[in-house]
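Take a look at the model below. We will walk through its strands and how they pair.

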Amino acid sequence: MFLGVSQVPENKVLFVDVGLDFPSEGSLYVLTMTTTQDLESAGENGMRTLRFGIEIETVGQTRERVAQAIQQVVGGTVQHVGDPFCYDPWQVTDARGRVWKVMADSSLSAAKHLQAEVVSPILTYEDIEELQKIVRAV
């Protein structure tokens, strides 16, 4: 996938959020762009209204173990999706219905069964405390 961005003000950071989903009928792409200027114009509440996603990369643990660690924090259910095979994804559907994905990442230097990349759902300021617990659990 190629993303082209033009007319971003100089010295301004551009946040690009691309969400991927793996439904059986195809992929869903969601693109959100925010500049630091947008946050500045939002005033002191800018960070509190920002929506963001994170990735956590780990080696040395199975994807199942990482998914279970996330589930212990957020509740909900753990499922081995398994498709697409090259990512061998697991997912955790939390108590609020949001999906956390745990998949293989070929950029990691470990045997495939010991690679795990966590992809969060869209998060907000209110999720930061729970996110910290997830990082500690993983």
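Met103 has Glu117 as its bridge partner in strand 7. Strand 6 covers residues 99–103 and strand 7 covers residues 115–119. Three bridges join them, and they run antiparallel.

Strand 6 also pairs with strand 5. Four bridges link these two, again in the antiparallel sense. Here Trp90 stands opposite Val102 in strand 6. The two strands form a hairpin, with five residues between them. In that turn sits Gly97, whose phi is positive, at about 90 degrees.

Move on to strand 4. Strand 5, residues 90–93, pairs with strand 4 over four bridges, and the sense is antiparallel.

Now put the pieces together. Five strands make an open sheet, in the order 3-7-6-5-4, with antiparallel pairing. Which strands stand at the edges? They are strand 3 (55–59) and strand 4 (77–80). Each has a single partner strand, so one side of each lacks a neighbour in the sheet. On average, neighbouring strands of this sheet are turned by 20 degrees against each other, direction ignored.

How far can the reader trust the picture? This is a predicted model. The chain has a mean pLDDT of 76, and 66% of its residues reach 70 or more. Residues 1–33 are another matter: pLDDT stays under 50 there. For this stretch the model has 47 contacts beyond four places in sequence.

Conventions
Residues numbered from 1 in each chain as written. Predicted model: local features only at pLDDT ≥ 70, side-chain atom pairs only at ≥ 80, totals over all residues. Heavy atoms only, no water. pLDDT = per-residue confidence, 0-100. Contact = heavy atoms within 4.5 Å. Pairing = 2+ DSSP bridges. Axes fitted to C-alpha atoms, helices over the stretch in contact; angles between N-to-C directions.
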